[in-house]
Amino acid sequence: AITLLTELIRENFRNSKLKQCFLPALGELLYLIASKEEKGEHPRECWAVPSAAYTVLMRCLREGEERVVNHIAAKIIENVCTTRSCHAQGFITGEIGPVLWYLFTHSTGDSLKITPISALCRITRSSPNAFQSVIEKVGLTAVLNSLANGICKIQQYMLTMFSAMLSCGIHLQRLIQEKDFVTTITRLLESPSTFIRAKAFLVLLQVLINNREMLLLSCQTRLMMYIERDSRKTMPGKEQQGGSEYLSKCLDLLIYHIVRELPGILGDILSALTNVSGRKHPSTVQAKQLKMCLPMMPVVLHLVTSQVFRPQIVTKEFLFNYGILLEFVRSIDSGETKLDRAIGQAASEELIKTTLLTFEAVTEHPSLLMTHRLTVEDSILPPLVSLVHSQNVEWRLFSLQLLSETTSLLLSHEVMAKEKEESLNSDNKLLSLIRDLLLPQYEHILLAPDPVPMYALKLLVALTEHSPASVRIQKKYFVLFAIAPLLRYQNSILGNTMQTVIALLNNIVANKSMNMMMLFEEGLAHHICSLLAEAVALYLEADDKRSTKTANVLLLSLLDILQYMLTYTANIVRQTLQAQKSGAGVDTQAAEDLLLINKPLTDLISRLIQLLPSEDTEIFLSASQCLLLLVQLYGGNNQESMSPENMGSFAEVLKSKKDPRELKHLLKIVKRLVS
């Protein structure tokens, strides 16, 4: 029957109508034979297909035939080649690829376009050379244009063909080096089709397996974003679309490969830097290695900032190697190692910036720091402390910011761990690092241009807040660091830096081991007077007290500091008076000096009285407690304290308060003022 149909088509080849009648029958027979053979239901000898049948079908594909005949012939090839039989091999010739591609590019309707490209895809599965011959004839650019602009089915078939070619190693070197190819494939990850995205991930996997450097281009074309998006869509519990399981498996393969690649990327960077460490003039070979390896550093940053990759790559080994990299960065920044001649100044600065940004991404996830805190303290913090002394303001600022955030996180965790009675040895290590390497240079850092001092002070706030022992050990440093910035930033009381200074001062005066006389001798009373006067004025001038949150917080912090100062003074005076009453020969000079040095604080009595009618309970309580301590120490010597305005404030607050304890407290203040 096949021979008869073949002969009839060949003898009437110019009769298009007859061909359209006989070709479907021939196609059905060929598909039946191929499918039966695939299932092994009949011996192969019973289904011999003459070579003339393949020749006739190939002639029907050629240019000049009617589109209907072309389409029928392509459909026959598509159907037969879906089977894995020897009969499908009969269509694999040197011209089949270009012929089907010509039919694809010159067809008008979508269905007419899909059939030849589908047939080519089936053939490529058995012989990837068929698709290679298309690329060689029409050029990769033309193929990529068709891929980018094609409909979903066509894109799916073409991705399958590219994947088959890459997995067989055909045309490999050209494709894995072609940036347009990678960019076009990556753009297909925006497709609404789950299958197209899955196949695009597979093609990219084949590229990255053979060319690691293309990972940088992939990251720059938002590969991480596409991976994260589809990872969320394929998470268990999510409503699954058709093909989600296939997409999930493709994604897992790509993610697994990229995770395995990272140690090699970081290792190459470290190897290149090791070879030039301490050298001011790298050799040509070393420069070439640097130019090849260092541009891959942004890949590390992309992976660390990805929520899919970060948990898998930030390990103890990664942080240890990062510490080594940071030490190289310190060497480059200090001028011990010079890369400018090898890779240029811009590339050298980009390496430093990317390295610091990578650790910043880690610090944004405290759980990672806590899990590997010993590695962070041993390997990362020492070079980070050294970078604080950089001559480059940007690196100095960035390092201080990272150091401040890391120290705060580590110390707060250690405080909580000690409360749970865990044994931690890292506390002393961290403190000694800051104490020995950083604090001695802090005076110069605080004199640097803004905003360097603010981040430097934030580090001290974290240190004094979570480690009171540090204040006891380094009293002289903290007195200097707290008082000196008060003079520099006294004209911008609501600025971030001044708020940080006041937070630091609050922590220092609250520390029981602090020698307050050291602060008093540095003029603390004068500074607090001027700051509180300005803060009270800002608070009272505000129309809506609740809207000025910054001013309120600042005022409360200053009132806390004032209360610590007055409580300390009152305790010293009380102890001296008690010693006098007991008949012990005690020197009263210290108490007298303390009262004298803090006497400027009496100027605040009127300001504190004006705060008493405040609707803010915290401000009322703090102001009244400070006021009581002041009048107990100094009485009503200040003439302004009994002014009509102040008496009006007392009258207002006495009318509004109902709590007996608060009223008793206020009457004590009035009694002491008038006595």
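Which backbone oxygen lies 3.1 Å from a polar atom of the side chain of Gln 155? The legends below take up this question first and then turn to other close-up views of the model, which is a predicted one.

**View 1. Gln 155 and the backbone oxygen of Leu 147.** The oxygen in question belongs to Leu 147, and a polar atom of the Gln 155 side chain lies 3.1 Å from that backbone oxygen. Gln 155 is part of helix α10, which runs over residues 152-168, and with a relative accessibility of 7% Gln 155 counts as buried.

**View 2. The protein chain as a whole, for orientation.** The protein chain contains 39 helices and 0 strands, and of its 675 residues 52% are buried.

View 3. Helix α8 spans residues 129-138, and its buried residues are Ala 130, Phe 131, Gln 132, Ser 133, Val 134 and Ile 135. The cover over these buried residues includes α6 (96-105), α7 (110-126), α9 (140-149), α10 and α11 (172-177). Just after α8 comes Gly 139, which takes a positive phi of about 95°. One of the buried residues of α8, Phe 131, is also linked by ring pairs with Phe 162 and Phe 181 into a cluster.

**View 4. Gly 97 in helix α6.** Gly 97 has its place in helix α6, and it is buried, with a relative accessible area of 0%. Not counting residues up to four places away in sequence, Gly 97 touches Leu 120, Ala 130, Ser 133 and Val 134; of these, Ala 130, Ser 133 and Val 134 are listed among the buried residues of α8. Gly 97 and Cys 121 stand 24 residues apart in sequence, while their C-alpha atoms are 9.5 Å apart in space.

**View 5. The ring pair of Phe 520 and Tyr 568.** The count of aromatic pairs in this model comes to 6. In the pair formed by Phe 520 and Tyr 568, the ring centres are 5.9 Å apart and the planes stand at 50°, so the pair is tilted. Phe 520 lies in helix α32 (residues 516-521) and Tyr 568 in helix α34 (residues 549-581), and the pair therefore ties together parts that are 48 residues apart in sequence. Are the two partners buried or partly exposed? Phe 520 is buried, with a relative accessible area of 2%, whereas Tyr 568, at 25% relative accessibility, counts as partly exposed.

**View 6. Lys 113 over the ring of Phe 104.** Here a charged group and an aromatic ring are brought into view: the charged end of Lys 113 sits over the ring of Phe 104, at 5.1 Å from the centre of that ring.

**View 7. Thr 83 in the loop between α4 and α5.** Thr 83 is found in the loop that joins α4 (67-81) and α5 (86-89), and at 3% relative accessibility this loop residue counts as buried. The side chain of Thr 83 reaches the backbone oxygen of Val 80 at 2.6 Å. Thr 83 and Tyr 31, which are 52 residues apart in sequence, are 8.3 Å apart in space, from C-alpha to C-alpha.

**View 8. Arg 222 in the loop between α14 and α15.** Arg 222 lies in the loop between α14 (214-220) and α15 (223-233), where its phi is near 70°, a positive value in a residue other than glycine. With a relative accessible area of 43%, Arg 222 is partly exposed.

View 9. A disulfide is a covalent bond between the sulfur atoms of two cysteines, and the structure holds 0 disulfides. Cys 152 is partly exposed, with a relative accessible area of 40%, whereas Cys 529 is buried, with a relative accessible area of 11%.

How values were computed. Residues are numbered from 1 along each chain as its sequence is written. This is a predicted model: local features need pLDDT of at least 70, side-chain atom pairs count only at pLDDT 80 or more; totals for chains, interfaces and linings use all residues. Side-chain values use heavy atoms; hydrogens and water are left out. Helices (H or I, at least four residues) and strands (E, at least two) are DSSP runs, numbered from the N terminus. Buried means under 20% relative accessible area, exposed over 50%, partly exposed in between (1.4 Å probe, protein chains only). A polar contact is a pair of N or O atoms within 3.5 Å; within protein, one must be able to donate a hydrogen and the other to accept it, and residues adjacent in sequence count only if both atoms are side-chain atoms. A disulfide is a pair of cysteine sulfur atoms within 2.5 Å. Rings of Phe, Tyr and Trp (its six-membered ring) pair if their centres lie within 6.5 Å; planes under 30 degrees apart count as stacked, over 60 as edge-to-face and the rest as tilted. A charge sits over a ring if NZ of Lys or CZ of Arg is within 6 Å of the ring centre and within 35 degrees of the ring normal. Contact means heavy atoms within 4.5 Å.
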